[in-house]
Amino acid sequence: AVRQTIYAVLMITGTLIGVHHGITGVAFAVSIAITLFYLISLQYAAWIGGIKLASLLNIHARSFILAACVGGVDFLALRMFGQFGIYVAHAAASALGGLSAVVIIALAPRFWLGPKHSAKLSDILSSIKHRRSGRLAV
């Protein structure tokens with residue numbers, strides 16, 4: 001209940017301060033409140049689970065790098081396809097962003113997913129290949 005109280009206070013205070021700067025100020029204040037609540041909840045979850053801060057930072061750093069790469073592809077695709085209208089641009093950007101995430105993860109699954117999950121990915125891919133080869137032979 002303490003974390004939710006802190007979150008409510010951050011939201012209300014941030015909104016009251018941000019309202020003087022219009023909708024942008026409110027959005028900024030709410031974003032800060034959500035980020036702080038996430039950090040508080042993350043710390044609490046790490047404490048309960050006995051997870052070290054270094055492990056959490058490592059996971060989040062890899063996620064940030066992946067998100068930056070995919071976001072860069074998305075941004076470039078939006079710029080390239082913007083002349084075709086908002087729907088086409090966003091469809092192309094989301095498709096290329098998703099494809100880039102798949103390619104990036106496929107190139108180094110052990111780095112992005114860790115050893116445990118990269119082994120699972122390898123098992124899934126080999127199962128798919130086995131099924132496809134069996135159907136092609138029939």
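# Questions on a predicted helical model

Trainee: Which residues form the nonpolar patch on the surface, and what is their accessible area together?

Mentor: This is a predicted model. The nonpolar patch on its surface is made of Phe28, Ile32, Leu36, Tyr38 and Leu39. Their accessible area together is about 490 Å².

Trainee: Is Leu39 buried, partly exposed or exposed?

Mentor: Leu39 is one of the patch residues, and its place is in helix α2, residues 22–49. Its relative accessible area is 46%. Buried would require under 20% and exposed over 50%, so Leu39 is partly exposed.

Trainee: How many helices and strands does the protein have?

Mentor: From the N terminus on, the elements run α-α-α-α-α. The count is therefore five helices and zero strands.

Trainee: What share of the 138 residues is buried?

Mentor: A residue counts as buried under 20% relative accessible area. Gly25 in helix α2 is one that does, with a relative accessible area of 12%. In the protein, buried residues make up 16%.

Trainee: How are the rings of Tyr44 and Trp47 arranged: stacked, edge-to-face or tilted?

Mentor: The count of aromatic pairs comes to four. Among them is Tyr44 with Trp47, at 6.0 Å centre to centre and 35 degrees between the planes. Stacked needs under 30 degrees and edge-to-face over 60, so this pair is tilted.

Trainee: What separates Tyr44 and Trp47 along helix α2?

Mentor: Tyr44 is partly exposed at 34% relative accessibility, whereas Trp47 is exposed at 62%. The two are three residues apart in helix α2, so their separation is about one helical turn.

Trainee: At what angle do the planes of Phe81 and Phe84 lie?

Mentor: The ring centres of Phe81 and Phe84 are 6.2 Å apart. Phe81 is partly exposed, with a relative accessible area of 25%. The pair is tilted because the planes lie at 40 degrees.

Trainee: Which residue lies over the face of Phe111?

Mentor: This contact is described by the distance to the ring centre, which is 6.0 Å. The residue over the face of Phe111 is Arg62.

Trainee: How far apart in space are Val88 and Ile40?

Mentor: Val88 lies in helix α4, residues 86–107, and is partly exposed at 41% relative accessible area. In sequence, Val88 and Ile40 are 48 residues apart. In space, C-alpha to C-alpha, the distance is 39 Å.

Trainee: How far apart in space are Ile34 and Ser126?

Mentor: Ile34 is found in helix α2 and is partly exposed, with a relative accessible area of 43%. Ile34 and Ser126 are 92 residues apart in sequence. Their C-alpha atoms are separated in space by 41 Å.

Trainee: And how far is Gly25 from Leu99 in space?

Mentor: Gly25 is the buried residue of helix α2 named above. In sequence, Gly25 and Leu99 are 74 residues apart. C-alpha to C-alpha, their distance in space is 35 Å.

Notes
Residues are numbered from 1 along each chain as its sequence is written. This is a predicted model: local features need pLDDT of at least 70, side-chain atom pairs count only at pLDDT 80 or more; totals for chains, interfaces and linings use all residues. Side-chain values use heavy atoms; hydrogens and water are left out. Patches are made of residues with over 30% relative accessible area and no salt bridge: like charges are joined within 9 Å, nonpolar side chains (Val, Leu, Ile, Met, Phe, Trp, Tyr) within 5 Å. Accessible areas come from the Shrake-Rupley method with a 1.4 Å probe; for residues, only the protein chains shown count as cover. A salt bridge is a side-chain nitrogen of Lys or Arg within 4 Å of a carboxyl oxygen of Asp or Glu. Helices (H or I, at least four residues) and strands (E, at least two) are DSSP runs, numbered from the N terminus. Buried means under 20% relative accessible area, exposed over 50%, partly exposed in between (1.4 Å probe, protein chains only). Rings of Phe, Tyr and Trp (its six-membered ring) pair if their centres lie within 6.5 Å; planes under 30 degrees apart count as stacked, over 60 as edge-to-face and the rest as tilted. A charge sits over a ring if NZ of Lys or CZ of Arg is within 6 Å of the ring centre and within 35 degrees of the ring normal.
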